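Try each one yourself, then read on for the solution.

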Amino acid sequence: MVSLDEVGLQYGGASGGRSAPEVLRGLTFTIPEGGFRWLLGPSGAGKSSLLHLLHLAMRPSRGRLVVLGTDVGLAGRRQLPRLRRRIGMVFQDFRLLAHLSAYDNVALPLRIAGRPEGQIRADVLEMLRWVGLEGKAGVFPSELSGGEQQRVALARAVVPRPALLLADEPTGNLDEVQAERLIVLLKRLNRLGTTVVIATHNDGLVARHPGPSLRLERGRLVGDG
Ligand SMILES: Nc1ncnc2c1ncn2[C@@H]1O[C@H](COP(=O)(O)OP(=O)(O)OP(=O)(O)O)[C@@H](O)[C@H]1O
């Protein structure tokens, strides 16, 4: 469950000085466990900033933010990294490591978490199968299409089995067919119980996959439902 109560964000923190404007203001909404939300709004509305907050990259400058049952403002320093491991993120520019194969990119979060190599293999191969890339395990990102790279990035985000999956313009660099394929995967993940939030400008995609949405304008929530 994700819940915001009068959340505001000022880059530089609450002590960022009077000159720093609030880029998010008075945000109050809840996403239930296993819920789905499109995150919509014009450029500069604050969509990425909101995803950064939900990804715990920043703390709100004001208000109360609860992510997966933890009050972020009250959480200790040690609690946040643990909580963050339960959150997956997919970016528009994929952010794969160029010197690692598709397999090793997907394996990375499990290796960082210290999972023994023997346990990793089955999960990584299952993930690559899930995104339709079982034949490309040994291939490097530069040899994959944009859609394939994004599916590797999705597999990497999903392999630790996050409870919350955030995606920031995940189809921004993809053609329509690849974009469609990615959204189908994200919606399937949501049906399996993961809470999913997708920020997008792609109105066609939203029209083809109607679902509840949060709409931001100039840092304020102007639509929820
Ligand atoms: N690191 C930063 N430091 C200061 N201000 C920032 C920073 N990142 C974003 N902003 C400001 O916050 C506001 C919201 O930006 P944000 O990137 O969240 O919007 P967005 O809705 O995701 O836009 P887009 O759709 O173009 O990606 C903008 O005014 C932007 O200039």
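**Exercise 1: a loop residue**

Start with Ala 75, which sits in the loop between strand 5 (70-71) and helix 2 (79-84). Keep in mind that this is a predicted model.

Task: work out whether Ala 75 counts as buried, partly exposed or exposed, and list what Ala 75 touches.

Solution. Step one: count the C-beta neighbours of Ala 75 inside 10 Å, and you get 17. Step two: buried needs 20 or more and exposed needs 12 or fewer, so with 17 Ala 75 comes out as partly exposed. Step three: leaving out residues up to four places away in sequence, Ala 75 touches Thr 70, Leu 80 and Leu 83.

**Exercise 2: two packed helices**

Task: describe how helix 3 (residues 102-112) and helix 4 (residues 117-130) pack.

Solution. Step one: the angle is about 125°, and the axes are 10 Å apart. Step two: that angle makes helix 3 oblique to helix 4. Step three: look at who makes the contact; helix 3 brings Ala 102, Tyr 103, Val 106, Ala 107, Leu 110 and Arg 111, while helix 4 brings Ile 120, Asp 123, Val 124, Met 127 and Leu 128. Step four: sort them by class, and you find 9 nonpolar, no polar and 2 charged residues. As for handedness, the crossing of helix 3 and helix 4 is right-handed.

**Exercise 3: around the ligand**

Task: find which helix gives the most to the shell around the ligand, then sort the shell by class.

Solution. Step one: pick out the residues around the ligand, among them Tyr 11, Val 23, Gly 41 and Lys 47. Step two: helix 1 (residues 47-54) gives the most, with 3 residues. Step three: the shell splits into 3 nonpolar, 6 polar and 1 charged residues.

Notes: Residues numbered from 1 in each chain as written. Predicted model: local features only at pLDDT ≥ 70, side-chain atom pairs only at ≥ 80, totals over all residues. Near = placed C-beta within 6 Å. Helix = DSSP H or I, 4+ residues; strand = E, 2+ residues; numbered from the N terminus. Nonpolar A, V, L, I, M, F, W, Y, C, P; charged D, E, K, R; others polar. Contact = placed C-beta atoms within 7 Å. Axes fitted to C-alpha atoms, helices over the stretch in contact; angles between N-to-C directions. Parallel < 35°, antiparallel > 145°, perpendicular 65-115°, else oblique. Left-handed = near helix turned anticlockwise from the far one by under 90°.
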